[in-house]
Amino acid sequence: MLRVLFLFLVLIASVVVGPMLAGHQGYVLIQTDNYNVETSVTGLVIMAVLLFVVLLAIEWILRRIFRTGARTRGWFLGRKRSRARKQTKAALIKLAEGDYKQVEKLLTRNADHAEQPVVNYLLAAEAAQQRGDDFRTNQYLERAAEAADTDQLPVDITRVRIQLAQGENHAARHGVDRLLNQAPRHPEVLRLAEQAYLRTGAFASLLEILPSMGKINLHTEAELQALQQQAYIGLMNQAMADEGSDGLKRWWKDQSRKTRHEVPLQIAMVEHLIECNDHEMAQEIVLDSLKRQYDERLVLLIPRLKSGNPEQLEKALRQQVKQHGATPLLNSTLGQLLMKHGEWQQAADAFREALKQRPDAYDYAWLADVLDKLHRSDEAAQMRREGLMLTLKHNGE
């Protein structure tokens with residue numbers, strides 16, 4: 001700028017000084033309706049230079065004024081930002097202390113000037129919710145939504161979290177459904193969805209998000225398996241509540257073969273069928289499962305079955321004894337089954353075999369009952385004493 005001004009002055013000086021030295025200053029006439037201005041070329045140039053200098057001075061003054069105003073505004077804004085930063089730090093300390101009233105106060109005082117206004121309003125909303133102030137909670141959520149502009153995901157996540165904390169489970173589920181459309185693999189969205197679906201009994205929806213949970217390692221494999229079983233059992237409960245045993249059987253047949261072959265689900269299904277007094281279907285599931293694999297949990301269900309065809313159960317147990325050996329559980333279960341059918345001597349033999357392998361208070365009691373039926377009172381009394389001593393020993397430990 002100074003170089004341009006210097007060149008301009010040199011040019012003007014040459015225009016002015018040149019004619020003066022030559023003795024020819026020229027003549028300029030500026031005529032209007034009311035005035036005539038007569039001057040030399042040199043005078044006109046001098047006036048132009050003076051006008052230019054005046055304009056430069058005015059520009060410099062105005063620039064200084066506006067720069068000072070901007071600095072003043074910047075100073076005030078910087079002061080507010082600094083104060084907001086300090087208040088946010090203090091609020092986080094109060095949050096750790098559990099002083100939600102102070103948290104809310106500090107976060108909202110200069111929230112619009114904070115580095116992340118959305119975060120301030122969302123934390124203030126959660127603090128207000130902790131105090132039970134629903135009005136301010138919703139107010140802060142609205143302010144956060146305004147500050148977030150197009151990025152509404154954190155606001156929606158916080159809203160659902162607050163709804164779950166307030167027990168608004170169905171509203172939370174509606175919000176979760178929308179969130180899953182926006183961010184189907186977001187860890188917090190999936191956590192909230194898990195809570196909302198469990199609370200509202202949306203077990204089919206819970207099963208749908210389990211693969212996404214597995215892909216982001218939200219839970220361990222064992223935890224996912226437990227969630228899956230919980231969801232299936234929930235569906236069983238719903239089917240049983242709606243249509244009883246018929247609904248249960250229809251639902252079971254609609255499941256995939258892989259699902260029907262999972263032992264924990266088979267056990268849950270058998271227990272539901274026993275509760276519905278459908279022992280025939282329950283026995284069918286137990287026997288089919290034992291043909292494919294041996295599982296003690298299935299064997300433990302056999303004494304609870306009251307089917308009209310006990311011979312199949314006895315045959316299945318003896319087959320298991322041939323394949324896996326005469327384990328205490330198989331002998332004890334066989335003894336209980338024979339005991340129900342009135343085959344007292346065979347039942348006594350089975351219980352004695354089980355007790356040889358390991359002492360058990362229940363087996364002692366059942367053997368004593370069988371010996372009573374065989375009119376062996378002394379032996380029965382001896383078995384009860386041994387069972388009692390075993391029970392006292394275990395209680396003493």
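**Exercise 1.** How many residues apart are E314 and R318 in helix α15, and what does that separation amount to in helical turns?

*Solution.* This is a predicted model. E314 and R318 lie in helix α15, residues 310-324. Step two: take the spacing. They are four residues apart, so about one helical turn separates them. Step three: check the side chains. They meet in a salt bridge, 3.2 Å from N to O. Step four: classify each partner. E314 has a relative accessible area of 14%, and buried means under 20%. R318, at 35%, counts as partly exposed.

**Exercise 2.** Compare the salt bridges D156–R159 and E353–K356.

*Solution.* Start with position. D156 and R159 both lie in helix α6, three residues apart. E353 and K356 are also three residues apart, in helix α17. Next, the distances. The N to O value is 3.1 Å for D156 and R159, and 3.5 Å for E353 and K356. D156 is buried at 11%, while R159 is partly exposed at 27%. E353 is partly exposed at 36%, and K356 is exposed at 65%. Elsewhere, salt bridges with shared partners link E126, R161, E188 and R191 into one network. The total count is 17 salt bridges.

**Exercise 3.** Which residues make the nonpolar surface patch of about 450 Å²?

*Solution.* List the members: L51, V54, L55, I58 and L62. Then locate one of them. L51 sits in helix α2, residues 41-97. Now test its exposure. The relative accessible area of L51 is 53%; the cut-off for exposed is over 50%, so L51 is exposed.

How values were computed. Residues numbered from 1 in each chain as written. Predicted model: local features only at pLDDT ≥ 70, side-chain atom pairs only at ≥ 80, totals over all residues. Heavy atoms only, no water. Patch = residues over 30% accessible without salt bridge, like charges linked within 9 Å, V, L, I, M, F, W, Y side chains within 5 Å. Areas by Shrake-Rupley, 256 points an atom, 1.4 Å probe, with all protein chains shown as cover. Salt bridge = Lys/Arg side-chain N within 4 Å of Asp/Glu carboxyl O. Helix = DSSP H or I, 4+ residues; strand = E, 2+ residues; numbered from the N terminus. Buried < 20%, exposed > 50% of the residue type's maximum accessible area, 1.4 Å probe, protein only.
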